[in-house]
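Me: Hi! I have a new model open and would like to talk through its side-chain pairs. Can you walk me through it?

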Amino acid sequence: MSFGETLQKLRKQKGWSQEELAERLELTRQTVSKWELEQSTPDLDYIVALCDLFQVSADYLIRGKEYAAEGQETVPAKNAEITNRTSDMKPTVIWVIMGSVLLLLGLGGVIGFMGLAAVSPPATADINGFIFTGLLGFLICYDAVPYFILCALLVLAGAALYALALIKHYRRKKRI
C-alpha cells in the first residue's frame, strides 16, 4: 500500500474529511489531497505529526506495512490507538487524584476551622487597636492563622491541578 492510500485509509477510519485533517495539521485541503493522490509528499515534520495523530509508526504510514527486525512483514496492532490514549491519560488521572486529595484536605481544614470558630466561645483579638471577632478572632486567639492559610493553599493547589488536568484534556482532545 502506498503512502497516499495509507493516509486516505487512516483518515477515513477516523471519519475525517480532507478538510478536517488539513485543519488539524494547519494546512489547506489541497495539500492533503495532493498527498493522497501522491502528487507531492509531506515534509518530515508533517510525517511525525501524522504518525502522532493516527498513532501509527512512520514505517506503517510511509510503506503501508510494519516490518519486524529481520524484514518479516507484520501488521500494526489494532489496539495501539487505545493503548496510546490510555498511557497519554495517565498523567491527567494522576493530576486529578492529587488535586482531589489536596482539595479534600484543604476543604476539610477550612470547614473544620469554621466549625470550631462557630461552636467555641466568642473569641476576640485586639491587635494594635483593631478588634477581630468571629473566624479571624478565633484563628488569632488560638494561633491557628498559619494552619488556616495552609488549608487555603491546599484548596488552591487542588483547584490548580484540576485546571491543569482540564487544560491538558481539552488540548489532547483538540489534537485527536
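**Aromatic pairs and salt bridges**

Reply: Happy to. The structure holds 4 aromatic pairs, and keep in mind that this is a predicted model.

Me: How far apart are the ring centres of Trp16 and Phe54?

Reply: Their centres are 5.7 Å apart, and the planes make an angle of 40 degrees, so this pair is tilted.

Me: Where do Trp16 and Phe54 sit in the chain?

Reply: Trp16 is in the loop between α1 (3-14) and α2 (18-25), while Phe54 belongs to helix α4 (residues 44-54). The two are 38 residues apart, and the pair links distant parts of the chain.

Me: Buried or exposed, those two, Trp16 and Phe54?

Reply: Trp16 and Phe54 are both buried.

Me: Nice. What about the rings of Trp35 and Tyr46?

Reply: That pair is tilted too, because the planes of Trp35 and Tyr46 stand at 55 degrees. Their centres are 5.8 Å apart.

Me: Which helices hold Trp35 and Tyr46?

Reply: Trp35 lies in helix α3 (residues 29-36) and Tyr46 in helix α4, so the pair ties together parts that are 11 residues apart in sequence.

Me: Changing topic a bit: which charged end sits over the ring of Trp16?

Reply: That would be the charged end of Arg24, 4.0 Å from the centre of the Trp16 ring. So Trp16 has Arg24 over its ring as well as Phe54 as an aromatic partner.

Me: What lies over the face of Trp95?

Reply: Lys168 does, at 5.9 Å from the ring centre of Trp95.

Me: On to salt bridges. How many are there?

Reply: The count is 2 salt bridges. One of them joins Arg11 and Glu36, with the closest N and O atoms 2.5 Å apart.

Me: Which parts of the chain does the Arg11 and Glu36 pair tie together?

Reply: Arg11 is in helix α1 and Glu36 in helix α3, so the bridge ties together parts that are 25 residues apart in sequence.

Me: Are they buried or exposed?

Reply: Arg11 has 7% relative accessibility and so counts as buried. Glu36 is buried as well, with a relative accessible area of 9%.

Me: Which residue pairs with Arg63?

Reply: Arg63 forms its salt bridge with Asp59, and the closest N and O atoms are 3.4 Å apart. Both residues lie in helix α5 (residues 58-63), 4 residues apart, which is about one turn of the helix.

Me: Let's zoom out. How many helices and strands does the chain have?

Reply: The chain has 8 helices and 4 strands. Starting at the N terminus, the order is α-α-α-α-α-β-β-α-β-β-α-α.

Me: What share of the residues counts as buried?

Reply: 27% of the 176 residues do.

Me: And what about contacts and surface?

Reply: Among contacts between residues at least 6 apart in sequence, 58% join residues at least 24 apart. The accessible surface comes to about 11,700 Å², and 62% of that belongs to carbon and sulfur atoms.

Conventions. Residues numbered from 1 in each chain as written. Predicted model: local features only at pLDDT ≥ 70, side-chain atom pairs only at ≥ 80, totals over all residues. Heavy atoms only, no water. Phe/Tyr/Trp six-rings, centres within 6.5 Å; stacked < 30°, edge-to-face > 60°. Buried < 20%, exposed > 50% of the residue type's maximum accessible area, 1.4 Å probe, protein only. Lys NZ or Arg CZ within 6 Å of the ring centre and 35° of its normal. Contact = heavy atoms within 4.5 Å. Areas by Shrake-Rupley, 256 points an atom, 1.4 Å probe, with all protein chains shown as cover. Salt bridge = Lys/Arg side-chain N within 4 Å of Asp/Glu carboxyl O.
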